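Keep the structure open alongside as you read.

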Amino acid sequence: MRESGILFPIFSIPSKFGIGSFSREAYEFVDFLEESGQGFWQILPVGPTGFGNSPYQPFSAFAGNPYFISLESLIEDGLLTWEEVNAINFGENEESVDYGAIYEGRPGLMKKACGRFMSKLEEQEKESAGSSGETLAQAYQDFLKKEDFWIQDYALFMAIKEEQGGRSWLDWEKPLRTREEKALALAKQRLGKEMKVYFFEQFAFDYQWNKLRKYANQKNVKIIGDLPFYVSLDSSDAWSHPEVFQMDPDLIPKVVAGCPPDAFSPTGQRWGNPIYDWDACKKDHYAWWVQRMKRNYEFYDVIRIDHFHGFCEYYAIPYEDETAQKGAMKKGPGIDFFQVLKKQLKDVKIIAEDLGNNTRENEKLLEDTGFPGMKVLQYGFTSWDSCYVNHRHIQNCVVYTGTHDNTPTRAWVEEINDGERDFTRRYINSMNTDFGGLVWDIIREAYRSVADLCIVPLQDYLCFGKEARINTPGAPDGNWQWRLRPNYLSKELSGSIRSLTEVYSRIPKEIKKEDKKEEISQ
């Protein structure tokens, strides 16, 4: 079935208080998607971000980002006041996230909200003693029980990290670093109040996100979420489940992830993520990974797995090395992992991020799984032989104009050389000399593809330039900050997108049925 969607990160939503959230504006964007005939909303990972603010380096592979919790909703629930929220500086620029200001301002508000929430639970427990029916207190306890696999470790990890002034767990005193039973028990006793704040944040995140996702699904919009292949070394996952990773008895990584030297980087790239012990994972039927996937399907309808090639092969660098020159390529779990995953989770909906070096082994793994891969048009308009250009597409794939790692297509059109621009125009049969018009011709080319699904970043529809770039790989600053200005999406834009969607038969099936009923009644 041919469908289309829009890529737009949560943090880019033009919500109040410095960063996009599950606020009224998020619901309005869902309405925009429905009106535009779009069946999918693709977002980036929603985990709690750490140093560098990258959603691909979260403190947990299971938790949600508390920055996305709508403060307006907490005010409506009586957990905060407008005076308290308005007293905080969340940053001055409405077009850019100021993570420093948010880091300073939000924790105090969440602690206040948590205190009032806990008081409300105590009151409800007294009032409802002996009565039947689910209360807020029961819902909270049910949530903690359902998420027990990860949430206790996550809350303790974050509370200790806060106590340690943000230091990495690798720098904690050995009893805490190596999770000695007595040290953990004392930490839980000492930091019980702080842990409750993290419990509350995750409960609030889940409640608000599930409400928004349900609204989207009712509007016939499904959520595509991103799952990073690796986890951060400084994460509750690496600390609480060292058995999943290649670590020595003192819980020091043996190897870390990266990529080998090439023409662009003579020393390679050392990413620093811990590497999975796939032999150990296989013995327990990939239990940690299965739990991780289950949790992510609580967030998303479809999961895009970043760095899909890692399941086929990965590059392992000795932990003590500062460069990637002495690393070695190793085999990943291959199809066995996905066979176990499908057996345990049944209906898995996955998009494979298979960009980059496509070896025959990588291609075979994708074929064996049956998952759709990705075709990015910005990579395709270089030669007739590119695997990303339209005539090389297959039905079982997802076509993009660009991704969060690409510059917006308007900037790409401006920055490529005259030869590449002429090739692009000739290939898509475009006579447009106006760059904005050429961008829409490229979007049209994506819609024309035989690919089952077409995803276009919102910036491309708006013909924004490099100022709206989400991420520049390798750049240390300026990433994950772009925000859409309030009231920027118009009925005219929605109508133009819907017209394109109708012409190329990408209106979701349920919407088509409704349209036909309206035509018959008329």
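Let's begin with a pairing: strand 4 and strand 7 run antiparallel and are joined by four bridges. Within that pairing, V256 has I317 of strand 7 as its bridge partner. Keep in mind that what you're looking at is a predicted model.

Strand 7, residues 313–318, has another neighbour too: four bridges join strand 7 to strand 8 (residues 328–331), again antiparallel. Here E313 sits opposite K331 in strand 8. As for cover, five of the six residues of strand 7 are buried, so to speak mostly tucked away.

**Strand 3 and its partners**

Now move over to strand 3, residues 222–227. How many of its six residues are buried? Five of them are, so strand 3 is largely enclosed by the rest of the structure. Strand 3 pairs with strand 2 (residues 40–42) through three bridges, and the two run parallel. W41 finds its bridge partner in strand 3 at I223. Strand 3 also pairs with strand 6 (residues 302–305), in parallel and through four bridges. In that pairing, I224 stands opposite V302 of strand 6.

The pairings met up to this point look like this side by side:

| Strands | Direction | Bridges | Example pair |
|---|---|---|---|
| 4 and 7 | antiparallel | four | V256 and I317 |
| 7 and 8 | antiparallel | four | E313 and K331 |
| 2 and 3 | parallel | three | W41 and I223 |
| 3 and 6 | parallel | four | I224 and V302 |

The phi of N220 is near 70 degrees, a positive value in a residue other than glycine. Is N220 buried or exposed? With a relative accessibility of 15%, N220 counts as buried, because the cut-off for that is under 20%.

H285 is another one to look at: its phi is positive, about 60 degrees, and it isn't a glycine either. You'll find H285 in the loop between helix 11 (278–283) and helix 12 (287–299).

P261 has a relative accessible area of 34%, so it's partly exposed. Leaving aside residues up to four places away in sequence, P261 touches P266, T267, G268, Y315, A324 and Q325. F337, on the other hand, is 76 residues from P261 in sequence and 28 Å from it in space, C-alpha to C-alpha.

**The core**

Time to go inside. The largest nonpolar core holds 167 residues, and those with the most contacts inside it are W41, F200, Y276, W278, W289, M293 and F311. Helix 9 (residues 192–218) gives the most to this core, with eleven residues.

What does Y276 touch, once residues up to four places away in sequence are set aside? Its contacts are F229, Y230, V231, V244, F245, Q246, W288, W289 and R292.

**Helix 20**

Helix 20 runs over residues 491–503. Its 13 residues reach 18 Å from first C-alpha to last, close to the 18 Å expected at 1.5 Å a residue. L493, S494, I497, R498, L500 and T501 are the buried residues of helix 20. Because these cover an arc of only 160 degrees around the axis, they're on the same side of helix 20. On the face turned away from that buried side, you get the exposed residues K491, E492 and V503. After helix 20 comes S505, with a positive phi near 55 degrees.

**The whole chain**

Finally, zoom out. The protein chain has 21 helices and twelve strands. Its radius of gyration is 24 Å, close to the 24 Å that the globule rule gives for 522 residues, so the chain is as compact as a globular protein of that length. Along its principal axes, the C-alpha trace spans about 70 × 60 × 45 Å. Of the 522 residues, 57% count as buried. And of the contacts with a separation of 6 or more, 73% are between residues 24 or more positions apart.

Note on methods. Residues numbered from 1 in each chain as written. Predicted model: local features only at pLDDT ≥ 70, side-chain atom pairs only at ≥ 80, totals over all residues. Heavy atoms only, no water. Buried < 20%, exposed > 50% of the residue type's maximum accessible area, 1.4 Å probe, protein only. Contact = heavy atoms within 4.5 Å. Core = buried A, V, L, I, M, F, W, Y, C linked by side-chain atoms within 4.5 Å. Pairing = 2+ DSSP bridges. Expected span 1.5 Å × (residues − 1). Arc of directions from axis to C-beta. Rg over C-alpha atoms; globule rule 2.2 N^0.38 Å.
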